[in-house]
Amino acid sequence: MDIFTFYIGGRHYAFDIDKVAEVTEPRRLVSIPKSLKYIKGVINFKGMLYSIIDTYSIFDLEQKHSQEHDIIILEDENYRLGFLSERVIGALTIPDFQEGIVSETSECFIKYIYNLNNIDVRLIDTKEVFKTIEIAVTCYM
Amino acid sequence: MSETKYIKIFSTEIDTHISTINAAVKVLRDAPKNLEPARIIMQSLHSIKGISATMGFSCVVEVTHLLEELIESYSRKEIPLTDRPVTLIYDVLEAIEEFKNALPEELDENVERVIKKIRNGIRSGSVEVRYKSKDIDNKISNSVKEMHRSIDNNIKINVSIIDKLIDDISELKYTESALKTLNEKLKSYKLKHLIRKIEGQLRKLYNSLVSLKMQPFSTITNALEVAISKYCFSTGKKINFIVSTNNILIDSSVLKELIAPLIHLIRNAIDHGIEPVKEREDVRKAPKGNVTLTVKKIHDFAEITIEDDGRGIIAESVIKKALDNSFITYTPDEIDDNFLLYVLTRAGFTTKSEVSTVSGRGIGLDIVKSSLENIGGSITLENSEGHGLKITLKVPVTTAVIRSLLVKTGEETVAIPVSSIERIMLAEKGEFRKTDSGTYLDSPLELEPPEVISLHTLLENAQDGGDASSPTAPLARGKSPEEELCLLMIKIRNKPTAIVVDELLSEEDLFIKPLTQPLKKISSVLGYSILGDGLPVFVLDVNSL
């Protein structure tokens with residue numbers, strides 16, 4: 001299977017490559033009038049509004065030093081989201097469910113952890129992220 | 001002439017007679033004793049019967065004949081045509097219309113089935129015909145129809161195509177803004193002239209496209225009247241439905257979203273508001289209740305009021321019910337209309353203890369409120385116990401462009417529709433009066449001193465559910481006490497309020513786009529727009545902050 005990997009807050013994460021639409025260079029985020037848990041702000045990307053997920057807050061990571069972030073753009077028929085990334089690594093092909101490489105996890109928003117060359121790469125469960133954000137927004141309103 | 005051509009003539013004729021009958025029924029409902037409308041209805045039914053016989057549509061012939069006989073029997077006995085026969089007339093018209101729409105693919109044995117249904121319906125007093133065309137593979141007939149359609153001067157366009165074109169124009173508008181920004185550096189006179197030309201042409205193009213989407217509000221009033229007539233029949237109440245739409249045009253997408261909330265509110269007025277005849281007579285009200293629908297245009301918004309002269313809302317019992325069922329946990333000292341609206345729009349709240357056939361199924365004002373919010377609208381209520389209820393809906397006439405004021409609050413820029421701002425004024429802090437409940441502006445121009453709140457505090461506190469009017473909140477950051485503050489005078493939930501903004505930037509026509517997931521549910525935001533510099537800006541619905 002193909003995954004799209006990136007690095008943030010000392011960890012490696014990945015998305016199913018089909019979910020990733022594009023990566024954009026750092027750009028200015030505009031705050032939402034009512035700030036919402038997990039959403040850092042919005043950007044205009046090709047004339048459309050994308051909500052930018054604070055990757056640090058959703059995975060409980062520490063931002064060690066201030067820096068600009070690339071934004072990984074995710075799309076499905078209902079959502080337009082972006083995730084902050086400190087460093088984009090790119091596409092990787094990994095063997096499907098091979099012993100010793102992939103393991104299940106109870107970590108929030110993570111589907112599987114892949115051990116690739118002794119580096120743990122966490123595959124993000126985008127569905128769960130979408131759902132949680134929707135619930136968080138509903139609860140705030 | 002081909003068969004299809006005849007069918008076209010038949011359809012047009014039928015349409016004319018149906019609208020004549022609709023108009024006559026309307027007159028009839030206001031003056032049931034007047035014999036003239038009944039005569040006109042008979043005449044039109046007779047014509048429908050005639051033309052249907054020529055075409056060989058025996059089912060329509062039969063159904064109109066039965067209806068003719070029924071109306072005649074009423075007229076003979078000099079019984080006024082009341083709710084029951086009127087409902088029947090509507091049902092028959094609906095059935096004829098469905099039959100007509102199913103043509104020409106359905107000239108087969110299915111017709112017999114329709115006759116049977118209508119005939120049984122007429123006899124049992126209710127007609128329920130749901131007739132859908134199935135024989136789609138009659139390709140020849142379809143292609144003939146297509147050919148006729150293609151030579152017609154009028155074409156039907158899906159609104160989504162117009163929306164897409166409007167979107168494209170808005171993209172061009174951003175490009176134009178970018179050119180403008182570029183020319184601020186280049187300072188080319190020629191370029192400036194060209195940009196202005198583009199600006200004018202884009203505006204023209206935009207206006208033409210928007211006008212294509214506009215429809216008169218009255219397009220939906222007929223459907224509302226039919227619905228009302230049916231509710232009256234099933235509840236046994238007598239209603240005068242008065243409509244005044246003032247020829248107002250509304251974006252068809254807004255209009256579409258309004259149908260369900262309006263039917264809901266009118267249903268509520270009939271079912272909960274208007275008392276039964278006996279009860280009305282006991283309190284010396286006319287036996288017939290009044291439900292009035294008025295539409296007015298105020299700037300970029302349409303104000304729709306639904307007013308009834310029923311019993312109004314008994315606030316005390318509503319509050320008690322809400323407390324008992326934990327929809328609310330506290331009550332303020334004074335229960336005003338705003339609080340009442342707040343309670344009534346809590347999700348799932350209903351006042352009716354039993355489900356009636358018409359309303360009271362637990363789907364309450366909360367649904368109305370959220371569907372209005374989807375189109376950037378709002379709802380207010382004026383209750384007068386024992387005398388009636390007035391509900392006002394405010395919706396944008398068109399969802400696309402709203403003239404807005406760009407203001408700065410903290411680091412961010414937000415847009416506020418110009419139509420919601422009453423005045424802009426400057427004031428020194430000396431003009432403010434601090435009390436325990438908040439800061440107020442001493443202004444000789446205002447009847448009620450407006451509360452002074454900074455936009456920043458308002459937005460920030462809204463998210464914590466905190467008290468936006470905290471007297472300790474600073475009004476303007478980074479300003480010395482002597483400096484004048486910029487105030488936007490607006491009404492928040494009908495209360496005069498002076499909103500302090502850090503800076504006024506500019507006034508612009510903004511192309512408003514609706515919010516998408518996951519931001520769809522954010523309240524107090526009408527939508528977003530993209531500014532010339534490419535940054536998105538949120539357009540606030542300040543009146544509901």
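This is a predicted model: local features need pLDDT of at least 70, side-chain atom pairs count only at pLDDT 80 or more; totals for chains, interfaces and linings use all residues.
Let's start with chain A as a whole. It holds 2 helices and 11 strands, and along the sequence these elements follow the pattern β-β-β-β-β-α-β-β-β-β-β-β-α. Chain A has 141 residues, of which 48% count as buried. Contacts also reach across the sequence: among those in chain A with a separation of 6 or more, 54% are between residues 24 or more positions apart.

Now look for the sheet in chain A. As background, the strands of a sheet pair through backbone hydrogen bonds, either parallel or antiparallel. In chain A, 6 strands form an open sheet in the order E8-E1-E2-E11-E10-E9, and the pairing is mixed. At the edges stand strand E8 (87-93) and strand E9 (102-104) of chain A; each has a single partner strand, so one side of each is left without a neighbour in the sheet. From one strand to the next, the twist averages 30 degrees. Within this order you can pick out strand E2 (residues 11-16) and strand E11 (residues 119-124) of chain A, which run parallel and are joined by 3 bridges. To find the place by eye, look for Tyr13(A), which stands opposite Arg122(A) in E11(A).

Of its 8 residues, 7 are buried, so strand E14 of chain B is largely enclosed by the rest of the structure. Which strands pair with E14(B)? One is strand E10 (residues 423-427) of chain B, which runs antiparallel to E14(B) and is joined to it by 5 bridges. Here Arg423(B) stands opposite Met489(B) in E14(B). Another is strand E15 (residues 495-501) of chain B, which pairs with E14(B) in the antiparallel sense over 7 bridges. In this pairing, Leu488(B) stands opposite Ile499(B) in E15(B).

Next comes a helix of chain B, H7 (residues 159-186). Helix H7 of chain B has 28 residues and reaches 40 Å from its first C-alpha to its last, close to the 40 Å expected at 1.5 Å a residue. At its N-terminal end, Asn158(B) caps H7(B), with a side-chain oxygen 2.9 Å from the backbone nitrogen of Ser160(B). Several residues of H7(B) are buried, including Ile162(B), Ile166(B), Ile169(B), Tyr174(B) and Asn183(B). The buried residues of H7(B) pack against helix H8 (189-213), strand E16 (503-511) and strand E17 (525-530) of chain B. After H7(B) comes Lys187(B), whose phi is positive, near 55 degrees.

We finish with another helix of chain B, H12 (residues 315-324). An α-helix has 3.6 residues a turn, so residues three or four places apart point the same way. The buried residues of helix H12 of chain B are Ala315(B), Val318(B), Ile319(B) and Ala322(B). Seen down the axis of H12(B), these buried residues fall within an arc of 95 degrees, so they line one face of the helix. What covers the buried residues of H12(B) includes helix H13 (337-344) of chain B. H12(B) is followed by Ser326(B), which has a positive phi, near 55 degrees.

Technical notes:
Residues are numbered from 1 along each chain as its sequence is written. Chains are lettered from A and ligands numbered from 1 in the order in which they are written. Side-chain values use heavy atoms; hydrogens and water are left out. Two strands pair if DSSP finds at least two bridges between them. Helices (H or I, at least four residues) and strands (E, at least two) are DSSP runs, numbered from the N terminus. Axes are lines fitted to C-alpha atoms, for helices over the stretch in contact, and angles run from 0 to 180 degrees between N-to-C directions. The expected span of a helix is 1.5 Å times one less than its number of residues. Buried means under 20% relative accessible area, exposed over 50%, partly exposed in between (1.4 Å probe, protein chains only). Contact means heavy atoms within 4.5 Å. A polar contact is a pair of N or O atoms within 3.5 Å; within protein, one must be able to donate a hydrogen and the other to accept it, and residues adjacent in sequence count only if both atoms are side-chain atoms. The arc is that of the directions from the helix axis to the C-beta atoms.
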